[in-house]
Amino acid sequence: MNILMLTATAEEATQSVAWNLYSYLCQALSAGENQSSLLFIGTAVLCIIVPYLIGSINPSIIISRKIYKEDIRSYGSGNAGATNTLRTYGKRMAALILVLDMIKAALAIVFGTLLLTREIGGAIAAFFVVFGHMFPIYYRFKGGKGVACTAICILILAPAVFPIILAVFIVIALLTRFVSLASIICAMLFPFLSYVFYPLKGGTTLSAFFIGALVVFMHRENIKRLMEGKESKFSFKKTDKHKVGDESTAEETPAVRVEAPKERKYSDDDFVKCACGRIIPRSRKECVYCGEENPAYVPREDDKKGRKKRSK
């Protein structure tokens with residue numbers, strides 16, 4: 001019930017925003033066809049650049065550097081998002097990252113809507129805020145996978161689709177415990193459901209298609225691990241922090257360290273039995289009783305040191 005109320009509120013809020021900068025400037029300047037085209041191109045470019053820059057601000061990277069003095073991308077899956085934050089730093093930090101990622105996506109889409117309506121400006125902004133989150137210009141184009149940002153894009157651009165996507169995500173995640181699998185399936189459903197519920201809104205469907213394709217692309221390694229049966233299952237518990245590339249996880253049995261056997265040292269107190277039946281020290285090269293060579297002969301440590309000194 002709460003989810004339905006949330007989607008209804010989102011629908012009303014976005015529909016109520018009738019004002020946009022492009023229309024205002026066209027009317028204020030009494031723009032002709034050429035001027036209108038230039039204004040449209042200018043506002044469209046802003047819908048690309050500003051949301052991309054907003055999306056490039058990654059709270060996971062910023063907070064991990066400021067609080068923990070390290071980069072979240074160096075640990076776990078190497079992903080700068082809420083799931084990897086949960087595994088590395090725990091639930092509270094993951095919840096904070098999730099909320100901040102959603103807020104930045106919402107701000108970007110609202111910005112695009114105010115410039116060029118929701119269907120055009122909002123749709124363009126939605127794609128580029130997700131793109132910026134995945135390939136941030138501030139962090140050498142290595143960011144997150146955009147799942148949280150995509151969720152807000154669905155809520156604002158296609159509110160009627162959101163409850164279905166959320167229900168599918170929860171069911172798959174609970175049944176399989178694979179967040180990646182749930183994210184991939186929901187990303188593929190997003191453009192299809194957008195077309196079904198909003199057949200006349202081509203901008204929304206087109207944006208949904210490109211966003212879904214991006215999310216699936218960013219999960220390509222997860223798809224490979226799912227096919228090989230090596231994908232990590234989701235848990236609300238914080239796991240042992242490990243560097244990227246470390247195959248060990250908290251759920252696996254720790255490997256037993258096998259130490260190389262130490263070289264045994266012998267002394268004059270170590271005796272062996274000669275072929276003649278007499279007991280002689282192991283450090284004796286020949287038997288003092290029969291004169292035969294000692295097959296178990298091992299020189300003493302001080303004899304070895306003496307030979308090394310004499311050789312020098």
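Which residues is Ser 180 in contact with, leaving aside its neighbours within four places in sequence?

1. The opening question concerns a predicted model, in which local features need pLDDT of at least 70, side-chain atom pairs count only at pLDDT 80 or more, and totals for chains, interfaces and linings use all residues. Residues are numbered from 1 along each chain as its sequence is written, and side-chain values use heavy atoms, with hydrogens and water left out.

2. Ser 180, with neighbours within four places in sequence set aside, is in contact with His 219, Asn 222, Leu 226 and Glu 231, where contact means heavy atoms within 4.5 Å. Ser 180 lies in helix α9 and counts as buried because its relative accessibility is 6%; buried means under 20% relative accessible area, exposed over 50%, and partly exposed in between, with a 1.4 Å probe and protein chains only.

3. For the overall architecture, the secondary structure of the protein comes to 12 helices and 2 strands, taken as DSSP runs numbered from the N terminus (helices are H or I with at least four residues, strands are E with at least two). The order from the N terminus is α-α-α-α-α-α-α-α-α-α-α-β-β-α. Of the 312 residues of the protein, 39% count as buried, and residues 24 or more positions apart account for 61% of the contacts with a separation of 6 or more.

4. Helix α5 (residues 82-89) is largely enclosed by the rest of the structure, because 6 of its 8 residues are buried. The buried residues of α5 are Ala 82, Asn 84, Thr 85, Leu 86, Thr 88 and Tyr 89, and what covers them includes α4 (59-67) and α6 (91-134). Just after α5, Gly 90 takes a positive phi of about 105°.

5. Two packed helices are described by the angle between their axes and the distance between the axes. For α6 and helix α7 (residues 147-157), the axes come within 7 Å and cross at roughly 35°; axes here are lines fitted to C-alpha atoms, for helices over the stretch in contact, with angles from 0 to 180 degrees between N-to-C directions.

6. Not counting residues up to four places away in sequence, Cys 153 touches Ile 109, Ala 126, Val 129, Val 130, Ala 158 and Ile 211.

7. The structure holds 11 aromatic pairs, counted where rings of Phe, Tyr and Trp (its six-membered ring) have centres within 6.5 Å, with planes under 30 degrees apart called stacked, over 60 edge-to-face and the rest tilted. Phe 127 and Phe 131 form a stacked pair, at 6.0 Å centre to centre and 25° between the planes, and both lie in helix α6, 4 residues apart, about one turn of the helix. Phe 127 is buried, with a relative accessible area of 18%, whereas Phe 131 counts as partly exposed at 28% relative accessibility. The rings of Phe 131 and Phe 135 have centres 5.1 Å apart and planes at 45°, so this pair is tilted. Ring pairs link Tyr 52, Phe 127, Phe 128, Phe 131, Phe 135, Phe 209 and Phe 210 into a cluster.

8. Phe 111 also deserves a look. This residue lies in helix α6 and is partly exposed, with a relative accessible area of 25%. With neighbours within four places in sequence left aside, Phe 111 is in contact with Leu 46, Val 50 and Pro 51.
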